[in-house]
Amino acid sequence: MQVTSSVRDPLVTGGKTYHDVTNDVSRHVEAKPNIRWFLAFLTSVGVLAIGSIAVVATVWEGIGMWGLNKTVGWAWDITNFVWWVGIGHAGTLISAVLLLFRQKWRTSINRAAEAMTIFAVICAAMFPVLHMGRPWLGAYWALPLPNVFGSLWVNFNSPLLWDVFAISTYFSVSLVFWYIGLIPDFATIRDRATGLRKIIYGALSFGWDGAAKSWSRYESVSLILAGLATPLVLSVHTIVSFDFATSVIPGWHTTIFPPYFVAGAIFSGFAMVLTLMIVTRKVYKLEDYITIGHIELMNIVIIITGSIVGIAYITEFFIAWYSGVEAEQYAFINRATGPYWWAYASMMTCNVISPQLFWFKKIRTSIVATFALSIVVNIGMWFERFVIIVTSLHRDYLPSSWAMFYPSITDVGVYLFTFGLFFTLFFLFAKFFPVINMAEVKAVLKSSSDKVNK
Amino acid sequence: MERDTHFVTGVYEDEDVLLQAITQVRSSGIKIHEVYSPYPVHGIDDYLGYKRSRLPIAAFLFGLLGTTLALTMQFYMMKFDWPMIIGGKDYGAFPDFIPVTFELTVLLASFGMVGVFMVSTNLKPWAQPRIFDLRITDDKHVMAIDIANNSAVELAKIEEILKSSGASEVNKKSFE
């Protein structure tokens, strides 16, 4: 039997029994969508529709519709790409790394966090796909198709191609991991349903029978997938950072990028999980499952990763000076004091100073403060990417070609489109899928609920 | 009586009672068909005498296949089929091929293992599982005993053992 310390705070409060867990989670799937859900969903679809105009404009007219210029050839799109991919790191970290570390508190949040991951990666993928200009020809440039389909093989020396493999592997493995976890819960809904719902959830549950043999294999699969997904999640943002680090642009060409990007990704991902979960637990009345204890633990992860990011900023600055390379030194001085000083200041305030507030127990256990800071962190992380990308490019080696970057209305529209897409998918998930992994919560209930059930 | 059609089922409320019951039932010479639970019960495999799953081996082999395929593909394309100097590097720039090799290893290992899991557990959208009790996906553990497979033991005796081992209900269930 598992031994759990009696001094640990309970993971599930309110004296829930197994049947309560089933009811509390399934009832949201079974209930008719209410007016609040429809309003939220229609707002997201509205944003998606407005953003679609910008997407159509980009595809129809070409990426000349964007605010890029000859000097700043990468800006808005890749900033958003890296931002969304970063957000998409929390889900798999929670489900894989915390599974390997036997952190039982992950069971109440892993489902929604993984869903968020998958949707964020879909949003991220929009940017490189649209940047191709003619995405329907993208397969020739991104996939290793035989020479007869194009002029050459794809270039396996290029980090951009590594990214294609990293992001698509990450997306598909995360999707499979998420779905394997959903199968037993779909079976629960199937066994409570009648009629059409029974048929639909029956098909979704893949005929799950709950046999000890099936569970044994399920646990094997989860453990191995976690073992595979752990290096995978670290590799994805490492490879994203290679897009910059392997170039010779001052400000990008640094070896600190991989760990720095990975920490930043986890930082922003946890912030987004908190933003979404604080709303979800309130609306769905899941306070007994996602307790203040969960919020506090996630805030602790935010302090750790936020501090790593802060140290990385300072190290980067120090090394630029210490290297003695004039161009490198200028790139960093220009970041902090040049025309984009406000972006640098926002990044420093939001990412380095604000998470330090979580050292105070009052703040990290306050729902309002956590919600506000989780949004601040994601604003800061957007600025971090903007600072790294735009300030390193806008003053290049030739002062005659120095330029500023201003986003066009199409740029803003494409970003809005991804927000619409993200929230549309998330609201669909929250309505039709069980938002908490019922089976895994039940598995920790006996050892970790505040009242041993029955 | 035909095998695999008529069952006696014991319904258990608690996982620890269930584990003790498995030991008791097995030691009285009754063969357990299967135990169904709403969640993975820690250590139940040992009580039922199940061997460890060989899925990790499948994952390893598929991973090895991914590594081999990825390296073969990249060396064939970049070194043999259409060699080109890129960034002054060797045609077969081994370190450059590692990221894609790693990703394809993970991809094939995951998908291969999940594929084997789906086939071995008979998971597919059109599968019609045998449900011994609708509550096994909610809050009850159910131990199923195949009557024909235990013809040496009287039916009443089986029911009595199930009851005495802590089952809250003892039912009969037959399938076509």
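**A first look at chains A and B**

Hi everyone, let's begin with chain B, where the domain assignment, which is automatic or from a database, gives domain 1 (6–52 + 131–174) and domain 2 (55–120). Before I go on, this is a predicted model, in which local features need pLDDT of at least 70 and side-chain atom pairs count only at pLDDT 80 or more, while totals for chains, interfaces and linings use all residues. Residues are numbered from 1 along each chain as its sequence is written, and chains are lettered from A and ligands numbered from 1 in the order in which they are written.

Back to those two domains. Taken over C-alpha atoms, the centres of domain 1 of chain B and domain 2 of chain B are 45 Å apart. The C-alpha trace of chain B spans about 80 × 30 × 30 Å along its principal axes. Its radius of gyration, taken over C-alpha atoms, is 25 Å, whereas a compact globule of 176 residues would have one near 16 Å. The globule rule here is 2.2 Å times the number of residues to the power 0.38.

What is chain B built from? It has 5 helices and 4 strands, in the order β-α-β-α-α-α-β-α-β from the N terminus on. Helices (H or I, at least four residues) and strands (E, at least two) are DSSP runs, numbered from the N terminus.

Now look at strand E1 (residues 6–12) of chain B. Of its 7 residues, 6 are buried; buried means that 20 or more other C-beta atoms lie within 10 Å of the residue's own, exposed means 12 or fewer, and partly exposed is in between, with C-beta atoms placed from the backbone. E1(B) runs antiparallel to strand E4 (residues 169–174) of chain B, joined by 6 bridges, and B:Thr9 has B:Asn171 as its bridge partner there. E1(B) also pairs in the antiparallel sense with strand E3 (residues 141–146) of chain B, over 6 bridges, with B:Phe7 opposite B:Asp146. For strands to count as paired, DSSP must find at least two bridges between them.

Which residues of chain B carry the "transmembrane region" annotation? According to the unreviewed UniProt entry, they are 57–77 and 97–120; such annotations may be inferred rather than shown by experiment. In the model, residues 57–77 of chain B are 100% helix, with end C-alpha atoms 30 Å apart. Residues 97–120 of chain B are also 100% helix, and there the end C-alpha atoms are 34 Å apart.

On to chain A, with 17 helices and 0 strands.

One last stop: A:Gln103, in the loop between helix H4 (90–100) and helix H5 (110–131) of chain A. Why does A:Gln103 count as exposed? Because A:Gln103 has 12 C-beta neighbours inside 10 Å.
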